[in-house]
2 protein chains.
Amino acid sequence: MKILVLGAAGMIGRKLVERIVKDGGVGGKPVSGMLLFDVVAPKAPADAPFPVEVQAGDLGEPGRCEGLVAGRPDLIVHLAAIVSGEAEADFEKGYRVNLDSTRNLFEAIRAIGGGYKPRVVFTSSIAVFGQPFPKDGITDEFNLTPLTSYGTQKAIGELLLADYSRRGFLDGVGIRLPTICVRPGLPNKAASGFFSGIIREPLNGKEAILPVAETTRHWHASPRAAIGFLLHAATMDTAPLGQLRSLTMPGLSVTVGEQIEALRRVAGDTVAARIRREPDPVVQGIVAGWAERCQPERAQSLGFKAETSFDEIIQVYIDDELGGRVPG
Amino acid sequence: MKILVLGAAGMIGRKLVERIVKDGGVGGKPVSGMLLFDVVAPKAPADAPFPVEVQAGDLGEPGRCEGLVAGRPDLIVHLAAIVSGEAEADFEKGYRVNLDSTRNLFEAIRAIGGGYKPRVVFTSSIAVFGQPFPKDGITDEFNLTPLTSYGTQKAIGELLLADYSRRGFLDGVGIRLPTICVRPGLPNKAASGFFSGIIREPLNGKEAILPVAETTRHWHASPRAAIGFLLHAATMDTAPLGQLRSLTMPGLSVTVGEQIEALRRVAGDTVAARIRREPDPVVQGIVAGWAERCQPERAQSLGFKAETSFDEIIQVYIDDELGGRVPG
């Protein structure tokens, strides 16, 4: 199995590559080679039991997508995108990177022809949904109502993925990721950053700022769960998908207060006390429009799995990023 | 008010222009000029009380969209598209005409800037929806699940319209038209052609072929209702739309048997006897995937109106196309 990963230098991309290298295969099938691509050269994994090639560039460059798929990868994981805030700040860049590049990729695949039909895993987002939401959560039948340019671009990607799949040009699975929590690394300026920050920073002995009320509810899954989604999407039987190729991934709906209680249970009062309340009306306003819960019944019935408690999500962070223990 | 009509040579475009010329304005506002565009030159209406310019070309030509909006029309009615069958038969042409041209238009509008923000009426279609449908009809919250390339392109157009509106580049209203019935003119090869054919041909003394069962149910509105939708979309207050810019238009859900009963009531047994049953499994298969009924509550609450009986739909055809009487 030959694999192409687009957006391989990002947090999810790096973890996916690490995991495939560790497993030596995907879904029990051995990997014969990987091509990693991003705007900055992804780091090639050490000790991979198969050849790994690394390229850097722009999917909008003439011939770039054609070059990337020329080796006819069996699996293409398309993670490349600019994030919500950037797509909102730079309208043209958002459409160029998040829409045109996706279409370039699909067109490059179609151009190969001759029965070539790779599995394409496309990362979408719950940002394809917008208020007003159904009271009991976003169902699998709920309308695509993005309220950002990023969400619009992802929704269009989903529609293209479905049509190219229906036409037989590729075999697509779109996965709408929950907010990924706990993100490792440094705090960032994303409006969603505090959801991870209030867990990660205290666990690392640092203070975190909470800009919203503890009643704020949101939809989460761990990085490890996200990698599980990608690998399952890469190998699942797509026949049961029919023509509805994109799926809302399972996740966990919790309030910020429940996040903090979980932190207290897992790491104790001292750690949980490192959260400083500093309400920020701007962040509150942005977050108020976000999905609070989903009902991902199709994805669950098709075998996608996420954490079922926030304690578990915190433990994943401690296991995967802190070597299994909270620093003294 | 300056008006630009794209796709002005089609059946709906011609009727819209005729109506605006007759009214001398739109929604009570006088028209100061019209520009009509299509791939073949639209016929300029006789006796228009305002200047009418006519152009023919392709919206994909470099600079074409920029040229069309250079006069800063206040209202742009975008009807230009290739139909479902053609978009299915020619994948590239469908995306070029139905997607790229729409985006070219929106980009040309955005490029003007300086507060220019025309009302853009975009004709979408119930083809943005696909099976499986909710039992009681397609609600305003139902997912965009197109099962054709045409439906995909229209759904993407809706998403772009919403995002460009949200950003303040234009003031868009997307209207999802029912199947238009009774279409005037000659029989065509569209799979949906018989819905009009079984009414139009018998009324004109000719035999019509019915390829599906009389239990086949579908969603209809007259050409006159469609023009009403366009004019209402052109002048309505868009504030209540919020960020959900596309609306499923009202229509009438009837079976083919109910269509025939209405024909019998309106025009008598002799006329209704001109329908020959000739089941066609191919047509039956295509039609089986189509919407049977919608629940267009938002559009109704915003003042859009359609016929409430099929007798009325037949009478519209007789009044508008046959001078008010059925030929002996």
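## Interface and symmetry

Of the interface residues of chain A, 100% are also interface residues in chain B, so the copies meet through the same surface; contact means heavy atoms within 4.5 Å. Chain A is superposed on chain B by a rotation of 180° with 0.0 Å of shift along its axis (RMSD 0.0 Å), by least squares on the C-alpha atoms of residues with pLDDT of at least 70 in both. That is the relation of a two-fold axis. Among the residues of chain A, Asn143(A) comes closest to the rotation axis, at 1.8 Å (C-alpha).

This is a predicted model, in which local features need pLDDT of at least 70 and side-chain atom pairs count only at pLDDT 80 or more, while totals for chains, interfaces and linings use all residues. Side-chain values use heavy atoms, with hydrogens and water left out.

## Helix packing in chain A

The axes of helix α4 (residues 91–112) and helix α5 (residues 149–166) of chain A come within 9 Å and cross at roughly 10°. The helices α4(A) and α5(A) are therefore roughly parallel to each other (angles under 35 degrees). Helices are DSSP runs of H or I, at least four residues, and axes are lines fitted to C-alpha atoms over the stretch in contact, with angles from 0 to 180 degrees between N-to-C directions.

## Buried residues

The largest nonpolar core has 76 residues, and those with the most contacts inside it are Leu6(A), Ile76(A), Leu6(B) and Ile76(B). Such a core is a set of buried Ala, Val, Leu, Ile, Met, Phe, Trp, Tyr and Cys residues joined through side-chain atoms within 4.5 Å.

Glu158(B), in helix α5 of chain B, counts as buried at 5% relative accessibility (under 20% relative accessible area, 1.4 Å probe, protein chains only).

Note on methods:
Residues numbered from 1 in each chain as written. Chains lettered and ligands numbered in written order. Helix = DSSP H or I, 4+ residues; strand = E, 2+ residues; numbered from the N terminus. Parallel < 35°, antiparallel > 145°, perpendicular 65-115°, else oblique. Buried < 20%, exposed > 50% of the residue type's maximum accessible area, 1.4 Å probe, protein only.
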